[in-house]
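Please walk me through this structure. Begin with the ligand, then move on to the strands and a few single residues.

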Amino acid sequence: MDFTYDPQNIFARILRGEIPNKTVFENDHALAFHDIAPQAPIHVLVIPKGAYVSLDHFARDASADEHFGFMQAVAEVCRIAGVDAGFRAISNTRAHGRQDVPHYHLHILGGRQLGLMLDDAG
Ligand code: 5GP
């Protein structure tokens with residue numbers, strides 16, 4: 001698998017501070033911010049600070065510290081957002097997964113009853 005990273009992708013630009021974001025949480029290894037086009041009342045993106053294109057890239061190559069820092073950020077987002085009633089975590093990956101931004105990100109969606117996991121109509 002070719003995990004070539006494009007440093008001009010929009011999340012790389014957010015990490016460099018070139019584009020503003022509404023930060024929810026940040027630590028040494030991850031940044032969490034509100035999605036610009038929310039699909040639910042709570043829609044936060046958690047991204048690693050490292051140059052990883054996708055979930056499988058991050059899973060393969062990230063260090064233990066990066067994994068831990070990322071999951072700590074997920075936990076903090078869930079706590080801050082107050083998704084006690086539940087939420088969904090989605091990581092769209094490459095063409096079949098309809099990934100638009102080629103920097104690994106986890107969508108945290110909640111705040112209402114969500115629909116079925118897959119809608120293959122579109
Ligand atoms: P994907 O389709 O790659 O899984 O999701 C990319 C997400 O990034 C989309 O939900 C989209 O709304 C969000 N997004 C794209 N550009 C920006 C941006 O400049 N700022 C923020 N906060 N979100 C963005």
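A polar side-chain atom of Asn-92 lies 2.8 Å from an oxygen atom of the ligand. This is a polar contact, meaning a pair of N or O atoms within 3.5 Å; within protein, one must be able to donate a hydrogen and the other to accept it, and residues adjacent in sequence count only if both atoms are side-chain atoms. The backbone takes part too. A backbone N or O atom of Val-101 is 2.9 Å from an oxygen atom of the ligand. For His-34, a backbone N or O atom lies 2.9 Å from a nitrogen atom of the ligand. Taken alone, the ligand exposes 520 Å², and the protein buries 83% of that. Such areas come from the Shrake-Rupley method with a 1.4 Å probe; for residues, only the protein chains shown count as cover.

A word on the source. The model is predicted: local features need pLDDT of at least 70, side-chain atom pairs count only at pLDDT 80 or more, and totals for chains, interfaces and linings use all residues. Residues are numbered from 1 along each chain as its sequence is written, and side-chain values use heavy atoms, with hydrogens and water left out.

Which residues come nearest to the ligand? Of the 16 around it, they are Asp-35, Asn-92, Asp-100, His-105 and His-107. A residue counts as near if one of its heavy atoms lies within 4 Å. Two elements give two or more residues to this shell: helix H1 (10-15) and strand S2. H1 gives the most, with three residues. Helices (H or I, at least four residues) and strands (E, at least two) are DSSP runs, numbered from the N terminus.

Now follow the strands. S2 covers residues 30-34, and five bridges join it to S3 in an antiparallel arrangement. Two strands pair if DSSP finds at least two bridges between them. In this pairing, His-34 stands opposite Val-44.

Is S3 mostly covered or open? It is mostly covered: seven of its seven residues, 42-48, are buried. Buried means under 20% relative accessible area, exposed over 50%, and partly exposed in between (1.4 Å probe, protein chains only). One side of S3 holds Ile-42, Val-44, Val-46 and Pro-48. The other holds His-43, Leu-45 and Ile-47. Take Leu-45 in this strand. Leu-45 counts as buried because its relative accessible area is 3%. Its C-alpha atom is 9.1 Å from that of Val-24, 21 residues apart along the chain.

Loops can hold buried residues too. Asn-27 sits in the loop between strand S1 (23-26) and S2. Asn-27 is at 17% relative accessibility, so it counts as buried. Its side chain reaches the backbone nitrogen of His-29 at 2.9 Å.

Ile-90 lies in strand S4 (residues 87-90). With a relative accessible area of 26%, Ile-90 is partly exposed. The C-alpha atoms of Ile-90 and Leu-109 are separated by 8.1 Å.

Finish with two arginines. Arg-94 is in helix H4 (residues 94-97), and its phi is near 55°, a positive value in a residue other than glycine. Arg-98 lies in the loop between H4 and S5, with phi near 60°. Arg-94 is partly exposed at 33%, whereas Arg-98 is exposed at 58%.
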